[in-house]
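Dear colleague,

Please find the structure below, together with the sequence. My notes on it follow.

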Amino acid sequence: DDERMSSTSGETGSENTAEYRGWLLKWTNYIKGYRQRWFVLSDGLLSYYRTQAEMAHTCRGTINLAGAMLESEDSCNFVISNGGAQVFHLRARSEVDRQRWITALELAKDRANKKIKEVAEAKTSLERVA
């Protein structure tokens, strides 16, 4: 199985960033339909590549999960959008696989939103001191 969830230490060593990676089908267009892509979820960003080997040099697209909307369409399909031009229509191999992705994405989204809030609060308290 190519999918895995791993926990790696952040640069500070004190913060763990969960990472999830695996194959999903991504809607490309009406002519080509869904195409298999390698997805990597790390640090609140979901990026995709044509192959695992491509990770070394060519990212095909990235969506920031902070403020993003996740919507399940049916047992295998789900959509991620950031309220702007980016919308990823994705299909997992099974309902279980889709649920694993949704759970990992929701956790990453919560962490990304929490980080943004902490930065804003730190900035506000610094402005009060100045």
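In which strand is Glu71 found? Glu71 lies in strand β6 (residues 69–72), where strands (E, at least two residues) and helices (H or I, at least four) are DSSP runs numbered from the N terminus.

This is a predicted model, in which local features need pLDDT of at least 70, side-chain atom pairs count only at pLDDT 80 or more, and totals for chains, interfaces and linings use all residues. Residues are numbered from 1 along each chain as its sequence is written, and side-chain values use heavy atoms, with hydrogens and water left out.

Overall fold. The chain has 1 helix and 8 strands, in the order β-β-β-β-β-β-β-β-α along the sequence. Of its 130 residues, 35% are buried; buried means under 20% relative accessible area, exposed over 50%, and partly exposed in between (1.4 Å probe, protein chains only).

Surface charge. Glu71 counts as exposed because its relative accessibility is 52%. Together with Glu73, Asp74 and Glu95, Glu71 forms a negative surface patch. Such patches are made of residues with over 30% relative accessible area and no salt bridge, like charges being joined within 9 Å. Asp and Glu count as negative, and the charge is placed at CG of Asp or CD of Glu. The areas come from the Shrake-Rupley method with a 1.4 Å probe.

Salt bridges. With a side-chain nitrogen of Lys or Arg required within 4 Å of a carboxyl oxygen of Asp or Glu, the count is 3 salt bridges. Asp43 pairs with Lys115, their closest N and O atoms being 3.8 Å apart. This pair links distant parts of the chain, 72 residues apart: Asp43 is in the loop between β3 (33–42) and β4 (45–49), and Lys115 is in helix α1. Lys115 is partly exposed, at 38% relative accessibility. In the pair Glu19 and Arg21, the closest N and O atoms are 2.7 Å apart, and both residues are buried. Arg60 and Glu54 come to 2.6 Å; Arg60 is partly exposed at 35%, whereas Glu54 is buried at 7%.

Helix α1. This helix (residues 95–129) also contains Arg111, which is partly exposed at 37%. The C-alpha atoms of Arg111 and Ala66 are 8.3 Å apart, although 45 residues separate the two along the chain.

Cysteines. Taking a disulfide as a pair of cysteine sulfur atoms within 2.5 Å, the count is 0 disulfides. Cys59 is partly exposed at 39%, and Cys76 is buried at 18%.

With kind regards

Methods: Patches are made of residues with over 30% relative accessible area and no salt bridge: like charges are joined within 9 Å, nonpolar side chains (Val, Leu, Ile, Met, Phe, Trp, Tyr) within 5 Å.
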